[in-house]
Amino acid sequence: MSEREPKKTIKEISPIDVYKLLPKTNCKECGEANCMAFATRVVNGELAVDNCPPITKEEYQVNFTKLEDLMAPPVRTVLVGTGDRAMKLGGKYVLYRHEFTYHNPTPIAIDVSDDLSEDERTARVRAVSDFSYNYIGRELRLDAVAIRSTQHEPAAFASAVTAVAAQTELPLILCTYDAAIMAAGLAHIRERRPLLYAATKDNWEEMAELALRYGCPLVVSAPHDIALLRSLVKTLVEYGVADLVLDPGTAVEPGLSGTIHAFSQIRRAVFADRDELLGYPLLGTPITAWISPEISHELIQWKEACAASMLLSRYADLLILHSLEGWVLLPQLIWRFNIYTDPRKPVSVDTGVRIFGSPKKDAPVLITTNYALTYFTVESDIKAAGIDCFLIVIDTGGNSVESAVAGRYLNAETIAAALKDTGIADRVNYRYLILPGLAARLSGETEEASGWHVLVGPKDSSGIPAFLKAHWPPKKW
Ligand code: SF4
């Protein structure tokens, strides 16, 4: 029997590898111009294989299986929950983000224990479900509720699970080491596909039975013992449980460095040693910071926040936290957003003209780029100062002003073209525009290319109100 060929990494797979296995009919049912275009987007991680409807038909079953195997990430994808808010855990193709991109941003779950009063529980679940923060045009939210059995009593757990499930559509994580308690909670929400926490060396068989009976993903827990974790995974896979999440244990402080080392060791084993038994999503539990009752709440929250940030970087695919305060959660959500932004594609906004306030024919016209962070900073400063103006957002490929000028994405021609395309000349009765200070060197050539007079604005948009006060309307007008 020949040895199995080593699996190609995502960097070694070419669009041709995918194209060869597609139906090659160019039918466009996938929304792409042809099969080759579809293959390119699959390799780029922008589309899944089953976005091609014909490939899922029986006649292509063999090729479909080959394609799924070809494109399967070394860290498996595990689905938790159902519907629009279902969360995908793992699905990682690379160890380092700069090698490709990270997929499936790490969901953040907040715990709710079954010893809370009805009012406390309702308020907490509502706070999790409603948590929302707008960051450079993106809505950052929490992702799941982890229901913990702290009364260690089946009826209490079942009651809490039923109440939480009725209150939120977020995915649920059921937390108990007791299979009887787990069964009591699970019976009421079998259709929600919750994540079961957790199978250990002592209860793995009962938990595996529940996971198989209800079709739920299962956490395997072996704190600070990777060899045992790996052995449990092997046992559970042989038992028939396919969707696993690994809990290597989280020690917040002291011991955080050991935790990060363990998470890194597991992930390196997957990518460097191709260890398939460790190729599952990793669960981090910064909530363990709350086990230290002797220190102040603020210090516990600080430790929880630090552990969460470090685990987001190395290499948690799911986090469970307790704190609901904005100062703990917002850094995590923004850090997650940044880590999971495709490094090949700068975050950008739509181009065109934006109108602030009620600008009249004598209102100023300002220029900026379509890099999201630049745009929203400028927008925020204009709104805060209550300025009536027009802002022309130019397509710079998502680059900031300084980078766009250096890379020639922002130049006299692109500015002149934007002025023409937006028809801004029909909205104002003069021909003055305000360039960002960091684009000052374009002023002369912009005047020549556009026929507009140029005023060089401040380098930082926080200076716009003072600049307009001093220079608007322009003296020559
Ligand atoms: Fe090709 Fe499938 Fe797209 Fe049709 S739907 S063009 S067969 S990739």
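**Cavities and ligand site**

The count comes to two cavities of 30 Å³ or more. Here a cavity is a set of points, on a 1 Å grid over the protein atoms alone, where a 1.4 Å probe fits but cannot get out. This is a predicted model in which local features need pLDDT of at least 70 and side-chain atom pairs count only at pLDDT 80 or more, while totals for chains, interfaces and linings use all residues. Residues are numbered from 1 along each chain as its sequence is written, and side-chain values use heavy atoms, with hydrogens and water left out.

**Largest cavity**
- The largest cavity has a volume of about 90 Å³, a volume being the space filled by probe spheres set on grid points joined across faces, edges and corners.
- Its lining has 14 residues, of which C27, K28, C30, C35 and C52 are the closest to its centre; lining residues have an atom within 4 Å of a point.
- By class, this lining of the largest cavity holds eight nonpolar, three polar and three charged residues. Ala, Val, Leu, Ile, Met, Phe, Trp, Tyr, Cys and Pro count as nonpolar, Asp, Glu, Lys and Arg as charged, and the others, Gly among them, as polar.

**Ligand**
- The ligand sits in the largest cavity, meaning that more than half of its atoms lie within 2 Å of the cavity's grid points.
- Residues surrounding the ligand include C27, K28, C30, C35 and C52, with a heavy atom within 4 Å of it.
- The shell around the ligand has eight nonpolar, two polar and two charged residues.

**Second largest cavity**
- The second largest cavity holds about 60 Å³ of space.
- Among its lining residues are K92, Y102, R267, F271, D317 and Y340.

Conventions. On a 1 Å grid over the protein atoms alone, a cavity is a set of points where a 1.4 Å probe fits but cannot get out, and a pocket is an open set with protein on both sides within 12 Å along at least five of seven lines; lining residues have an atom within 4 Å of a point.
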